[in-house]
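User: I am new to this structure. Please show me how to read its main features, one at a time.

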2 protein chains.
Amino acid sequence: MPLFNARVQVSLRPSVLDPAGEATRAAAARLGVEGVKRLRIGKAIELDLEAPDRATAQARLELLSDRLLANPVIEDWSLDLAEAG
Amino acid sequence: MPLFNARVQVSLRPSVLDPAGEATRAAAARLGVEGVKRLRIGKAIELDLEAPDRATAQARLELLSDRLLANPVIEDWSLDLAEAG
């Protein structure tokens, strides 16, 4: 069975506040790093997935992203998929 | 002053266990998503940074990643940097 490598990027919707991002931005200023205008923290999920073909892998990952990896109320997700090896 | 867009990907070192990733993998199986062989959860940090030039932006982001965004004991990080606009 073919193996696929995928990366799912999950990010807060632009309209949603990011307290962790804001706290990190403040910490960056205290660290002496100037010029950080915007800082948003999201998730990067890496997967290895066995599936009979690419379309099935894509469908499984979309279900996983919608139902498990991202909270559709406040988050968006994007998916990169490649055959392994 | 030029504005730069950056993305810092922070991931657990391969030798480090990922309990959250394992729990998510188990949840995927319960959801009926078959074939997930490996699942690792990391952070994806997006930044807008003002800096006089690219080299300064790069240096500031490296300092930020080493000292704030990643825990060097258990995490690796990678950086993508582009001029905005």
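Predicted model: local features only at pLDDT ≥ 70, side-chain atom pairs only at ≥ 80, totals over all residues.

User: Which strands does helix H2 of chain B touch?

Analyst: Helix H2 (residues 54–69) of chain B packs on the sheet, touching E1, E2 and E3 of chain B together with E2 of chain A. It runs at about 155° to E3(B).

User: What is the order of the strands in that sheet?

Analyst: Read across the sheet, strand by strand. The order is E3(A)-E1(A)-E2(A)-E2(B)-E1(B)-E3(B), an open sheet of six strands with antiparallel pairing. Strand E3 (75–83) of chain A and strand E3 (75–83) of chain B stand at the edges with a single partner strand each, so one side of each has no neighbour in the sheet. From one strand to the next, the twist averages 20°.

User: How many bridges join E1(A) to E2(A)?

Analyst: Eight bridges join this antiparallel pair. For a residue-level view, find A:Gln9: it stands opposite A:Ala44 in E2(A).

User: How do I look for empty space?

Analyst: Rolling a probe the size of a water molecule over the atoms shows where space is left empty. Here the largest pocket holds about 170 Å³ of space. Its lining has 15 residues; nearest the centre lie A:Ser11, A:Leu12, A:Arg38, A:Arg40 and B:Glu46.

User: What kinds of residues form the lining of the largest pocket?

Analyst: Five are nonpolar, four polar and six charged. Strands E1 (3–12) and E2 (36–50) of chain A and strand E2 (36–50) of chain B each supply at least two lining residues.

Definitions and conventions: Residues numbered from 1 in each chain as written. Chains lettered and ligands numbered in written order. Heavy atoms only, no water. 1 Å grid on protein atoms, 1.4 Å probe; cavity = no way out; pocket = protein on both sides within 12 Å on 5 of 7 lines; lining within 4 Å. Points joined across faces, edges and corners; volume = space filled by probe spheres on them. Helix = DSSP H or I, 4+ residues; strand = E, 2+ residues; numbered from the N terminus. Nonpolar A, V, L, I, M, F, W, Y, C, P; charged D, E, K, R; others polar. Pairing = 2+ DSSP bridges. Axes fitted to C-alpha atoms, helices over the stretch in contact; angles between N-to-C directions. Contact = heavy atoms within 4.5 Å.
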